[in-house]
Amino acid sequence: MRMKFTKFINITLIVVLIAGSLAGCGSGSGAEAGGKPGETEASRPAPAETAKPTDTQPPPAAEVQPATIRLGGMTGPTAIGMVKLLTDAEEGKTFNRYEFTIAGSADELTPKLIQGELDIAAVPANLAAILHKNTQGAIRLLAVNTLGVLYIVDTAEEVSSFADLKGRTVYCTGKGSTPEYTLRYLLEENGLDPDKDVDLEWKSEPAESVALLGQRGGVAMLPQPYVTVAQNTLPDLRIALDLTGEWDKLGNGSMLITGVLVVRRDFAEEYPEQIALFLEEYKASTEYINANVSEAAQMVEKYGIVKAPIAQKAIPYCNITYLAGADMQKAVSGYLAVLFAQNPNSIGGALPGDDFYYR
C-alpha cells in the first residue's frame with residue numbers, strides 16, 4: 001500500500017528549507033569524449049568497474065511479483081543513468097514496470113516524493129540527507145548514481161593546477177550550496193585561502209559565466225553539460241581541472257558525489273525483492289550508457305533530459321556510476337562529512353546515521 005507522508009511533516013516547510021539551502025544545486029548539477037586532463041587509471045576506476053552488487057542478492061524473479069515503480073529525475077546528469085532502464089521497460093524487457101517523471105529542479109520532485117506520488121527519485125546527494133532528516137527517516141539513500149560533474153575551464157591554457165589559480169578571478173555558480181563548498185574545500189586542501197588568494201566571482205547561472213568568458217577570457221567553474229554547451233560557442237574553451245579527479249587525489253576516503261537515488265521507506269519495506277531487482281536493472285542501465293554513448297545519447301534526448309548532440313559529448317564527463325551497499329555508505333558518509341565541516345546546514349544540520357543507508 002502506498003502511504004502518504006503528510007502525517008510525518010509539514011511539506012511546505014520542507015520545500016522552503018530545501019529551496020533555501022540548495023538554491024545552487026541546479027547550477028552545480030546541470031553537458032567530450034576522450035580522457036580527462038589530470039586523470040589516471042589509478043585515480044578513479046571507470047564507473048562500470050566501481051559497480052558492486054547489493055549486499056543481498058535479489059531472489060529469483062520467478063518467486064516475486066512485479067511492481068510498478070514511479071521514478072523521478074531532473075534534467076541534467078543525475079537522470080542519465082536511468083535511460084536504458086526506461087527504454088527496456090517500454091519494450092517489456094524489465095522485470096518491474098516503470099513510470100518516469102522529469103522535472104527541471106529538485107523543488108519540483110521533492111513534494112511528489114514526500115507525498116507518495118513518486119517511489120524513487122534521483123536527487124543531489126546533500127538533498128537526500130536533508131530529506132531523511134526532515135521526514136524523520138521516511139526517505140532513505142538507495143544508491144549513488146553520479147560522481148562529480150564540476151570542472152575548472154579556461155580559454156588561454158594557463159591553468160594546470162590549483163596553484164595556477166592564485167591571484168585569479170574565477171567565475172562560479174552555486175554560491176551557498178555544494179559547488180561552493182566543493183571548490184572552497186579543494187582550494188584549502190591545495191594550500192589556497194578562498195577568501196584571500198582567489199577572487200571567486202559568483203553568478204546566478206552558468207550562462208553568465210560563459211558570457212564573461214567570451215568577453216574577457218579567464219577562468220570559470222562550470223558543471224556538465226554546460227561545459228559542452230559552452231565549447232560549442234567558445235572553441236578555445238578547455239577543461240583545465242577535473243574537480244572529481246582532484247578530489248580523488250586527496251585520498252580522504254570519500255568521493256565527490258553529485259547525484260544519488262533515494263527511496264520512500266514505506267515503499268522499500270513493502271517491496272524489498274522488487275527493489276533488489278530494480279537495483280540490478282539500474283546497474284545494468286548505467287553500464288550500458290557508459291559503454292554505448294552514441295545510442296545512450298538518443299535515449300537521453302527521448303526522455304527530455306538534454307539534447308542528443310550535447311549528451312553524446314557530455315556523457316563521458318558526467319561520471320555516471322553505480323554504488324550501493326557498503327561501498328555507497330563509505331563514499332557518501334565521507335562526502336557528507338566534508339560538507340558538514342564546511343556548513344552543517346548543507347546536509348540538514350547533522351550527519352545522518354546508519355538508518356539513512358538502504359542495505
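This is a predicted model: local features need pLDDT of at least 70, side-chain atom pairs count only at pLDDT 80 or more; totals for chains, interfaces and linings use all residues.
## Helices and strands

Helices (H or I, at least four residues) and strands (E, at least two) are DSSP runs, numbered from the N terminus.

Residues are numbered from 1 along each chain as its sequence is written, and side-chain values use heavy atoms, with hydrogens and water left out.

The protein has 15 helices and 11 strands. Of its 359 residues, 57% count as buried, where buried means under 20% relative accessible area, exposed means over 50%, and partly exposed is in between (1.4 Å probe, protein chains only).

## Around Asn-232

Asn-232 has 44% relative accessibility, so Asn-232 counts as partly exposed. Setting aside neighbours within four places in sequence, Asn-232 is in contact (heavy atoms within 4.5 Å) with Ile-310 and Lys-313. Asn-232 and Ile-310 are 78 residues apart along the chain, yet their C-alpha atoms are separated by 9.2 Å.

The peptide bond from Gln-224 to Pro-225 is cis, with omega near 10°.

## One face of H13

Which residues of helix H13 (293–302) are buried? They are Val-293, Ala-296, Ala-297, Met-299 and Val-300. Seen down the axis of H13, these residues fall within an arc of 165° (taken from the directions from the helix axis to the C-beta atoms), so they line one face of the helix. They pack against helices H4 (83–90), H12 (272–291) and H14 (308–314).

Now look at H4 and H13 together. They pack at an angle of about 75°, with their axes 9 Å apart; axes are lines fitted to C-alpha atoms, for helices over the stretch in contact, and angles run from 0 to 180 degrees between N-to-C directions. The two helices are therefore roughly perpendicular, a label for angles of 65 to 115 degrees.

## Two residues with positive phi

Gln-136 and Asn-319 are not glycines, but each has a positive phi of about 55°. Gln-136 is in the loop between helix H6 (125–134) and strand E4 (139–147), and Asn-319 is in the loop between H14 and strand E11 (320–323).

Are they buried or exposed? Gln-136 is partly exposed, with a relative accessible area of 48%, whereas Asn-319 is buried, at 5%.

Notes:
Angles under 35 degrees count as roughly parallel, over 145 as roughly antiparallel, 65 to 115 as roughly perpendicular and the rest as oblique.
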